[in-house]
Amino acid sequence: MAREPVPCAVRAAVALQAGDVQTDLALPGVAVIDVAFPQAGAVGLQEIVFKNFYTAFLTIRVQRRSPADVAGEGPRKWVTCLRNYCLMPNPHTEEGSQDYFSVFRHQMLCDVDEVMAIRMILRQPSPVWLHFTIEELQIYPRGQESPHKDFPSWLSHLTSREQPANLHGGLPNPEKVSAEVQQMWVLTEMIHANRAAARIGRFDVDGCYDVNLLSYT
Amino acid sequence: MMLDQDSGLSLAIAHIVQRLKGSSLHSQLERQARVSLHKPEIKLESLKEDIKEFLKESGWEKKLQNAVYSELNVFPSPCHPAAPPEQMKEPLAYMRKAQGSWEKRILKSLNSMCTELSIPLARKRPISEQKELLNKWNEMGTDEPDLSLFRPVYAPKDFLEVLMNLRNPNYENGDQPSSRNHLGLIQVPLKVKDIPELKEYFGELGLNTGQLGIDDSAQVPPELFENEHLRIGQKVLTEQDSAAAQQYVRQGCPTALRAELWALILNISNQPEDILYYEQLKSNVIQHDLLVDSLIYKDVKLTASNDDYYFVFEDYLYQVLFCFSRDTSVLEHFTYSSATPPKSYIRGKLGMEEYAVFYPPSGVIPFHGFSMYVAPLCFLYHEPSKLYQIFREMYVRFFFRLHSISSHPSGIVSLCLLFETLLQTHLPQLFYHLREIGAQPLRISFKWMVRAFSGYLATDQLLLLWDRILGYNSLEILAVLAAAVFAFRAVNLMEVTSLAAAEAVLADLSTLKVMPLLQIFLFATVT
């Protein structure tokens with residue numbers, strides 16, 4: 001896949017805690033991760049991808065500069081672009097605790113072009129977990145072309161002529177879905193390549209299935 | 001795996017299309033579409049619409065719908081594109097590790113059995129032996145091989161010990177009893193449903209809905225429920241709609257329709273190529289002898305052959321299970337199972353990847369009681385290839401979750417935790433009492449759940465239970481039934497003073513009626 005994440009400097013999570021960090025036994029429950037872009041300067045965000053590790057809620061604040069300010073000298077504002085995004089529906093149990101997540105530009109509360117820095121505020125209100133953080137953070141900038149791999153042309157014509165009865169009013173827009181499917185097709189090709197080779201039925205090697213012992217590796 | 005709703009849907013569509021691409025259904029649909037070009041009603045100007053209409057009328061669209069529905073049921077929603085393949089198998093790292101250790105123990109056990117007995121894991125049968133086996137194929141039960149030296153690779157109680165010791169390293173596992181420690185045997189904080197959630201989930205089992213197993217009893221006039229339910233069942237079969245069938249069986253299957261309804265839900269049609277595939281597996285059995293066969297023999301002789309209901313099906317069990325061990329298509333389920341198939345190398349080629357094979361070919365090593373997954377199906381299906389396919393589909397959809405370590409809501413760990421939580425919450429006195437006398441309830445109910453109650457309930461009751469497993473596409477009902485059984489015998493259990501006595505109270509479940517028990521526990525118990 002052609003899209004590349006923006007190289008970023010991720011500072012390790014810092015717990016926010018009142019009182020003396022050394023002697024206070026209470027678990028902080030809040031941590032902050034700062035992300036800067038040393039090479040790029042200002043970035044327009046498309047997607048933020050990460051792997052969760054026991055964080056329950058995520059808030060993202062971005063520091064933007066005004067578009068006219070190319071030299072980077074003008075005032076920069078911190079704005080919340082994602083508030084209390086729920087990663088673990090029940091903070092005391094395992095659901096969502098080690099899942100991969102994507103946050104897209106269109107889910108954000110504000111415009112995320114010209115972003116200088118990102119601050120991710122992690123919350124884990126449950127005291128049962130020893131640590132919580134976010135891993136494998138990758139930030140994809142705006143403006144990267146979807147790769148035009150070969151996908152069947154019928155995928156472009158998914159919408160049917162007759163509109164199906166609107167059952168619940170909550171069905172996604174077929175035009176939008178068909179546009180998304182094209183991109184997802186490429187992703188599944190990638191996933192498909194990852195998977196092990198297809199079984200063809202034969203379990204032996206050239207007619208021989210003399211096996212001695214099972215292997216531990 | 002959190003994508004927003006629209007991209008999640010698109011990804012699911014793309015995945016299903018990928019999976020159905022190249023399947024026999026795909027080529028059949030293409031052939032049908034091509035054949036339809038000769039029909040007068042297909043016009044060139046409206047070619048696409050006319051062909052779609054034709055496929056709809058001839059029932060092929062329904063077959064495609066059933067195939068898509070089947071894919072949705074079996075395969076979990078696609079993972080986030082950034083996630084590695086093991087994420088789909090099992091998202092929690094410590095569970096993957098525990099499953100890996102457990103598997104290693106099994107491999108060691110099997111290897112040591114091999115070396116002790118000096119028997120190879122697999123060997124090619126000499127021609128004379130092949131001929132003999134072919135002649136005896138329908139009566140393999142009459143064989144009395146010397147199995148005294150073989151022992152089952154593991155029994156359910158060994159597995160329970162492993163599950164009891166499962167710990168999340170990131171969890172506060174203090175030694176002191178606290179609100180965080182669970183009072184039962186399972187100490188991992190998985191999400192399980194509580195009774196209000198179960199009431200909603202199993203809504204069709206409510207007091208106001210007709211059920212087979214309750215409303216078809218002799219005292220109830222059939223006009224009230226039974227006749228109408230049968231009529232609807234016949235209609236569902238005529239329509240050949242998998243999704244409708246799955247919804248229908250939540251209220252139970254009429255005995256006459258059960259075999260066809262289950263086949264419809266599992267999307268099994270027994271085409272000529274399926275029969276051919278089964279014959280191919282049979283010839284694999286004839287050609288190669290596996291150590292695993294002896295384990296299967298032993299298991300059948302110890303369990304099903306001793307059971308009053310199932311001993312008549314002994315020969316069928318060998319025919320199904322020997323073929324199952326050699327079926328490489330079962331390997332597919334390892335993409336969404338936390339387990340990994342055991343690997344081996346052809347003799348003399350250790351470490352050379354071109355000579356790496358899976359052992360057994362299906363990747364599944366049977367344990368003590370495994371044959372009981374097949375036995376109840378013998379009441380429904382008498383044609384070996386159909387019986388085989390139904391069992392295989394039931395295994396890769398449900399049964400594999402009962403003997404592997406995972407965080408899935410239908411996995412055995414979740415079922416154990418659900419059982420313990422239900423009992424603790426709704427029968428706290430009983431739970432406390434049993435714990436005090438050293439009779440942790442899970443020690444008794446574990447074997448019921450691992451076998452999906454096969455061999456413990458009367459067969460008609462078991463089939464009513466398995467109707468609901470298919471209907472809800474979930475094994476959670478096993479945990480609810482286990483708790484309901486304890487609730488039913490609570491008075492007797494409060495009197496016992498030892499684990500052995502508690503086991504005795506719960507030794508015989510053959511008189512129980514499952515649907516009233518479930519209904520009372522879920523809907524009629526004051527909480």
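This is a predicted model: local features need pLDDT of at least 70, side-chain atom pairs count only at pLDDT 80 or more; totals for chains, interfaces and linings use all residues.
Residues are numbered from 1 along each chain as its sequence is written, chains are lettered from A and ligands numbered from 1 in the order in which they are written, and side-chain values use heavy atoms, with hydrogens and water left out.

Back to the cysteines. A disulfide is a covalent bond between the sulfur atoms of two cysteines. Here it is counted as a pair of cysteine sulfur atoms within 2.5 Å, and a search of the whole structure turns up 0 of them over all chains. A:Cys86 is partly exposed at 36% relative accessibility, while B:Cys416 is buried at 0%. For those labels, buried means under 20% relative accessible area, exposed means over 50%, and partly exposed is in between (1.4 Å probe, protein chains only).

Salt bridges are another story. In chain A, have a look at A:Arg105 and A:Asp111, whose side chains meet at 3.8 Å, N to O. A:Arg105 is buried, with a relative accessible area of 19%, but A:Asp111 is partly exposed at 43%.

Now hop over to chain B, where B:Asp293 pairs with B:Arg326 in a salt bridge, the closest N and O atoms being 2.6 Å apart. B:Asp293 belongs to helix α14 (residues 291-302) and B:Arg326 to the loop between α15 (314-325) and β3 (343-346), so this pair ties together parts that are 33 residues apart in sequence. Helices (H or I, at least four residues) and strands (E, at least two) are DSSP runs, numbered from the N terminus. Both partners are tucked away: B:Asp293 is buried at 5% relative accessibility, and B:Arg326 is buried at 0%. The two also belong to a network of salt bridges that links them with B:Arg123, B:Arg125, B:Glu129 and B:Asp289.

Next comes B:Asp327, which forms a salt bridge with B:Arg392 (2.7 Å, N to O). This pair links distant parts of the chain, 65 residues apart, with B:Arg392 in helix α16 and B:Asp327 in the loop between α15 and β3. B:Asp327 is buried at 0%, and B:Arg392 is buried too, at 16%.

What about the backbone? The peptide bond from B:Tyr359 to B:Pro360 is cis, with omega near -10 degrees, and B:Pro360 is in the loop between β4 (356-358) and α16 (384-397). A:Glu114 has a phi of about 55 degrees, in the loop between β7 (100-104) and β8 (115-123) of chain A, and is partly exposed at 26%. B:Phe453 has a phi of about 65 degrees and falls in the loop between α19 (441-450) and α20 (459-472) of chain B. Buried or exposed? B:Phe453 is buried, with a relative accessible area of 0%.

One last stop, out in the open: B:Glu57, in helix α3 (residues 47-57) of chain B, is exposed at 64%.

Technical notes: A salt bridge is a side-chain nitrogen of Lys or Arg within 4 Å of a carboxyl oxygen of Asp or Glu.
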